[in-house]
Amino acid sequence: MRLEKMALFFENRLAGYDEHMRADIEGAGEFYKFTAAQLPSAADGAVLDLGCGTGLELEEYLALNPSVRVTGIDLSNGMLAALKNKFPDKGLELICGSYFDVPFGYDRFDAAVSVESLHHFTFERKLSLYKKLFASLKADGYFILTDYFAESEALEREYFEHLQQLKSEQGISDGEFYHYDTPLTVEHEMQALQLAGFSRCETLKNWGATYTVKAVR
């Protein structure tokens, strides 16, 4: 397989993306709604969405809390444009860029959320991201992560080894983002969150290999 740069991968699949995610991902008919229901209900709340894409989780969340302030970060301009078109009357702050590079600020958000976005990165990359995320949350803030995970450590290693093989064959450096799924195990994901400072991590529900994890500041 030929690896594609992350942003280009999603730009090329924008047409039909929502339908694909809803129809072809196990549990998607439930986990977007479930994830949205875990987010703050206060109308004056502030929520950060990492890898917001076209906003499938935000469709559900804004129906529950139409006045919440949402900051969404995504690599794809096309996805952000689609999201903005869905909610022309909402004051969404949408940022095109990598959530590894975009500053989040400090003591700013009541909660953060990410759905089906973070399964492309190493433990070390996630640890640095989660430290930044931890600092951006208010004292009683929390993070809701819904994503799919490797079912074993052996499978986790296999994903990363195959990616390294492909990158070597295609002359791709480690500093570039290319689309390839490298999910951690749930246990390793929660270890990264705890090392970043989160005081309590728990799994709330799962749909096959997709879990919703809550990490409390």
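A residue is called buried here when its relative accessible area is under 20%, exposed when that area is over 50%, and partly exposed in between, with a 1.4 Å probe and protein chains only. By that definition Glu116 is buried, with a relative accessible area of 11%. The structure is a predicted model, in which local features need pLDDT of at least 70 and side-chain atom pairs count only at pLDDT 80 or more, while totals for chains, interfaces and linings use all residues. Residues are numbered from 1 along each chain as its sequence is written, and side-chain values use heavy atoms, with hydrogens and water left out.

The protein has eight helices and seven strands, where helices (H or I, at least four residues) and strands (E, at least two) are DSSP runs numbered from the N terminus. Its radius of gyration is 17 Å, close to the 17 Å that the globule rule gives for 217 residues, so the protein is as compact as a globular protein of that length; the radius is taken over C-alpha atoms, and the rule is 2.2 Å times the number of residues to the power 0.38. Taken along the principal axes, the C-alpha atoms fill a box of roughly 50 × 40 × 30 Å, and 51% of the 217 residues count as buried.

Rolling a probe the size of a water molecule over the atoms shows where empty space is left. On a 1 Å grid over the protein atoms alone, a cavity is a set of points where a 1.4 Å probe fits but cannot get out, and its lining residues have an atom within 4 Å of a point. Grid points are joined across faces, edges and corners, and a volume is the space filled by probe spheres set on the points. By this rule the count comes to one cavity of 30 Å³ or more, and the largest cavity has a volume of about 310 Å³. Of the 28 residues that line this largest cavity, Phe10, Gly51, Asp74, Glu116 and Ser117 are the closest to its centre. The elements that give two or more residues to the lining are α1 (6-11), α2 (17-24), α4 (56-64) and β2 (69-74), and the largest share, three residues, comes from α1. By residue type, the lining divides into 16 nonpolar, nine polar and three charged residues, with Ala, Val, Leu, Ile, Met, Phe, Trp, Tyr, Cys and Pro counted as nonpolar, Asp, Glu, Lys and Arg as charged, and the others, Gly among them, as polar.

A pair of aromatic rings is described by the distance of the centres and the angle of the planes. Rings of Phe, Tyr and Trp (its six-membered ring) pair if their centres lie within 6.5 Å, and planes under 30 degrees apart count as stacked, over 60 as edge-to-face and the rest as tilted. By this rule the count comes to eleven aromatic pairs. One of them, formed by Tyr99 and Phe121, is edge-to-face, at 6.1 Å centre to centre with 80° between the planes. Tyr99 lies in the loop between β3 (93-96) and β4 (109-115) and Phe121 in the loop between β4 and α6 (123-136), so this pair ties together parts that are 22 residues apart in sequence; both residues, Tyr99 and Phe121, are buried. The rings of Phe134 and Phe198 have their centres 5.3 Å apart and their planes at 80°, so that pair is edge-to-face. Because Phe134 lies in helix α6 and Phe198 in the loop between α8 (186-195) and β6 (200-207), the pair ties together parts that are 64 residues apart in sequence, and both Phe134 and Phe198 are buried. Elsewhere, ring pairs link Phe31, Tyr32, Phe34 and Trp207 into a cluster.

Technical notes: 1 Å grid on protein atoms, 1.4 Å probe; cavity = no way out; pocket = protein on both sides within 12 Å on 5 of 7 lines; lining within 4 Å.
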